[in-house]
Structures are given as structure tokens and as C-alpha cells.
Amino acid sequence: MQPTFTSSRILLPVKPWFVYTTLFLGLMLNFLVPASWAAVPDWIALVLCFWSVREFRRIGMGWAFMLGLVMDVANSAALGQHALAYVVLAYLASTLSRRILWFPLAQQALHILPLLLIAQIIQALIRLAAGSGMPGWTYFAGPFIAAVLWVPFTYLLLLPQYRPAEQDPNRPI
Amino acid sequence: MPGIDQAPPPFFKRGPAPLALLSFYVAASIALFVVDLKYHSVDLLRQAIAIVVDPLQRLAQTPAASIGALAEYARGMDQLQQENAQLRRARLDIAPSLARLLHLEAENDRLRRLLDMKEREKASGQIARILFATRDPFSRRIVADKGGQVGIVAGQPVIDGSGVVGQVTRVSLLHSEITLITDKNQIVPVQVVRNGLRSVVYGLGGGQLELRYLPANADIKEGDLLVTSGLDGIFLSGFPVARVKRVERDSAYAFARIVCEPVAAVENFTDVFILSPATQTTPLPKELTDQIERKAEKREDPGPSAPDKPIKKSKGR
């Protein structure tokens, strides 16, 4: 099937405070998850990936690096472990963004999956090189769940940017 | 003409090229984790970030914690009464030995002094509450609610009601991080209670421990209790660590594979007791101190330096 660009709607410009709020909420969601739930997706990676695809001028590798350091301290992982994974994730997402946005949502999710997996594998490689144990296969289940969540996530995060379908100049809002 | 070889001003300000930025950040993070994992010398940066992150993390976990507290509150009256009766019975069980403990300790001290032995160190420390387990899937660590503000330092041993839980490995202002004995990088020197055999026990992850480097014909059986031997100068001797669960003797290998289970409730998180760091160290035997002195003399005149480093290290504790 030839992909078309007809499904994309013309969006309002993004509000910066909304981007920062979603990043903060992603961080809080990550803090909330107990350690025993290994398969829960890395929310901040997903949100970061989303904004790197949509708004790569605003959210880029600098943000990825800072958020990665915060996650390193919060998870008491090796300092720089999340940072490296997120920076690579943000770079790949922003380079591929022109291509990814051309596809319908389900196929976008297929593009996102390898990016998130790469981020997870980078972290595993760093820790295995440092002599830690294998985390178990549920560790790699997170990106798959996150990729499935890409479709609802896109609707949720683009909600403030949608124009009403029927424009009515007399409507107050 | 003056302006001809000047580049025109850029239409859009875009900053450095993405590839340049990527290589900069990748280099920065690689430098960070190499320094962190190898030399442990970026703790200041970690603590600075932790000052901001710790309160946020606690805030995020408040709802879950309060739901747990509510569930505790809503538990039935008779369940509490049962628990109370059980605790009372348990206290009665240990009452006879506990009542004589003080007397025995005093007697032990007296006898040790008679024999001219060093007095045993008494355990002291503080109680801390476990807040959560860290989300790092590669290690087994928990976070306790006491940190640098009450004088906890890295290296202090941690026990619970039944045995050794782990060791404090990192301290921030309000929290301290405890590496469990089941972590793959945690090693505890132990002694078998039944016959006094000494060895070290390694964490395996997954709630198990392994007693390594014991010969295949070592006298060790299933159900043997392992207690800390105190040889490391960190753990006081005599705290239960693990019980031998399975012994596999295979003549193809030089060592037996001995899997143990921790005695303490290592993977359920309740209150723990953080022991003060050991202050008294066992002095080295006289022959060894003589040897060291001789080597020190030797080193003054140019000669091959002998590997006396480990001895010095254990002395410094």
C-alpha cells in the first residue's frame, strides 16, 4: 500500500509549556512505578521520543541528556547510562522524524519500536560490561508495550493542537 | 571591496549540526559512566542532582504509600490481636535465653580478659525504614529513609530481625542506599556454624547466594547455617547470613557448587537496623607484623618490593 499524507491534520502550533509539562509528568510516572514491575515502559523515553519526532527544534539531545542524568540518579544506575541511551534515542528520532511522520500511526509505531529497543539495549550493554547480572527478558518487554501505546499517546499529546473540525467564527472558544 | 568575502548572515539560527551535538553528548555520557563505574568519583554531581530528585521521587510515591497505609489501617481487629498474641508468644520463647544474655556477656568479657583476649565489640546503630527498592533491574538495592543527616556513612552493615540484609553503599543527605547480599557484586565473608569452616558468599541475584571456592570434598551439608566471620572488619562476627539449600558436587570441577538462601527477609522490605561501623580491629598476629616491619626495612634499600599490599589494607581497617 502506498502511504499517503492525507491522514495528517493541520495542527495549531505547539505550546511550549505543554511540552515541558508532559516531560515532567513522564518523569513523575517513572518515579511512581515500583521496582517489581519490570515490563512497565519507560515513560520518559516515550515522551522524549514523541517530542523529538514532532518538535525536534525544541526538544533535542540537550533535554535528553539532562533527563537521562535525572533518571540515572533516581534509579541509582550508573551515571550517564540513561543519558547516553536517551541522547541516541533523541538523535535517531529527530533524524527519522521527516520519514516517520509520513506514515499512518500504526506504521509510525513500528518505526518507534526499534528506537526504544536500541535505547534499552544500550543500557543493558553498559551494565553488562560493568559486570552486573542479566536483568531478565521482561526488561525488553517495555519497548513493545510502549510501541503499542504510541497510537493513543499521539492522540493524547496532540489534543491541545487540534483545530475543531467545523470552524465556527462566532463560537467563543 | 570590503564586504565581498563575508558570508551572509544565516536565515535561521540552528545551532551546531546534529551529528556534532550527538558526538559531544555521547562523549560526555561515556566519560561520566566510565568515571562513575571505575573510579566512583562523581558522587558530588550525583548528590547535587539527588537534592532535586529525592523530594520529587518521594512526592510521586506518596499516593501508593498512603494506599498501603490505608490498607494496613483497615485490617481486621482480630488479625491484629492474632499477631499480637503471636509476638507475645515469640517473646516468651526467647525470654529465658535473653534474660541470661546480659549475665553471659559479662561473664564472657571477664573470661576473655582472664585469657588476655580482646573484648568482643558490642553491636550498636540505628533503626531505619525501607522506602522502596530502586528500579535499576541490573542490581538489587533498596533505599532507607536515613542518610547523611544522621551520620550514616557508606560501608555500614545492615541487618534485620533474623540476619544480615546488606550493606550501605551510597549515602545522600536524606536517604541511604543499601546493596542487598543477593546483589551480584556483594560479597560477605562467612563461617559455617557447625564446623567453623570459613569462606565468602556471593550474591546470585534472584534471591539466592552462592558459597564459592570450597573444594568438592568440603564438609558442608544442606541446612548448614552460615554466619558472618568478621574477618573483613566490616561485619561483626556471628550474624546469620544464609542457610545452605543445595550442594552439587561434580568431579569435573575443582569446586563444589553450593547455593544458599538468605536467612533475613532480604526481598521483603520492612524496618532494618543499620549497624555502626566497626571500630575495633583485630590486631595482626605477631609473625605478620614482624614480616611487614622487615619488608619496610628492606624497601629502604633498593630491592624487589614484595606483595604486602593486602596485609596493609586489612590492617588499615
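Among contacts in chain B between residues at least 6 apart in sequence, 56% join residues at least 24 apart, where two residues are in contact if their C-beta atoms, placed from the backbone, lie within 7 Å. The model is predicted: local features need pLDDT of at least 70, side-chain atom pairs count only at pLDDT 80 or more, and totals for chains, interfaces and linings use all residues. Residues are numbered from 1 along each chain as its sequence is written, while chains are lettered from A and ligands numbered from 1 in the order in which they are written.

Chain B holds five helices and twelve strands; helices (H or I, at least four residues) and strands (E, at least two) are DSSP runs, numbered from the N terminus. Of its 317 residues, 24% count as buried. A residue is buried if 20 or more other C-beta atoms lie within 10 Å of its own, exposed if 12 or fewer, and partly exposed in between, with C-beta atoms placed from the backbone.

The strands of chain B can be followed through two barrels. In one, six strands close in the order 1-2-5-4-3-12 with antiparallel pairing; two strands pair if DSSP finds at least two bridges between them. Neighbouring strands of this sheet are turned by 45 degrees against each other on average, direction ignored; the axes behind such angles are lines fitted to C-alpha atoms, for helices over the stretch in contact, and angles run from 0 to 180 degrees between N-to-C directions.

Toward strand 1 of chain B (residues 125–133), the antiparallel pairing runs over three bridges, and B:Ile130 has B:Ala144 as its bridge partner in strand 2. Toward strand 5 of chain B (residues 176–180), four bridges form, again with the strands antiparallel; here B:Val143 is partnered by B:Glu177. From strand 2 of chain B, B:Arg141 and B:Val143 point one way and B:Ile142 and B:Ala144 the other, and all are buried.

The other barrel also has six strands, closed in the order 6-7-8-11-10-9 of chain B with antiparallel pairing. Its twist averages 45 degrees from one strand to the next. Strand 9 of chain B (residues 225–228) is joined antiparallel to strand 6 of chain B (residues 187–192) by three bridges. Across this pair, B:Gln191 stands opposite B:Val227 and B:Val192 opposite B:Leu226. Strand 9 of chain B also runs antiparallel to strand 10 of chain B (residues 240–248), again with three bridges, and B:Leu225 faces B:Arg243 there.

Chain A brings the discussion to helices. Helix 2 of chain A has twelve residues and reaches 17 Å from its first C-alpha to its last, close to the 16 Å expected at 1.5 Å a residue; the expected span is 1.5 Å times one less than the number of residues. This helix is mostly covered, with twelve of its twelve residues buried, including A:Trp43, A:Phe50, A:Trp51 and A:Arg54. These buried residues pack against helix 1, helix 3, helix 4, helix 5, helix 6 (142–148) and helix 7 (150–158) of chain A.

Helix 3 of chain A (residues 61–75) should span 21 Å with its 15 residues at 1.5 Å each, and its end C-alpha atoms are 20 Å apart, which agrees. Twelve of the 15 residues are buried, so this helix is largely enclosed by the rest of the structure; among them are A:Met61, A:Phe65, A:Asp72 and A:Asn75. Its buried residues pack against helix 1 (16–32), helix 2 (43–54) and helix 4 (81–100) of chain A, together with helix 1 (18–39) and helix 2 (43–73) of chain B. Just after helix 3 of chain A, A:Ser76 takes a positive phi of about 50 degrees.

The contact between the chains takes 34 residues from chain A and 36 residues from chain B. On the side of chain A that touches chain B, helix 1, helix 3, helix 4 and helix 5 (105–129) of chain A each give two or more residues. The residues of that side divide into 24 nonpolar, nine polar and one charged; Ala, Val, Leu, Ile, Met, Phe, Trp, Tyr, Cys and Pro count as nonpolar, Asp, Glu, Lys and Arg as charged, and the others, Gly among them, as polar.
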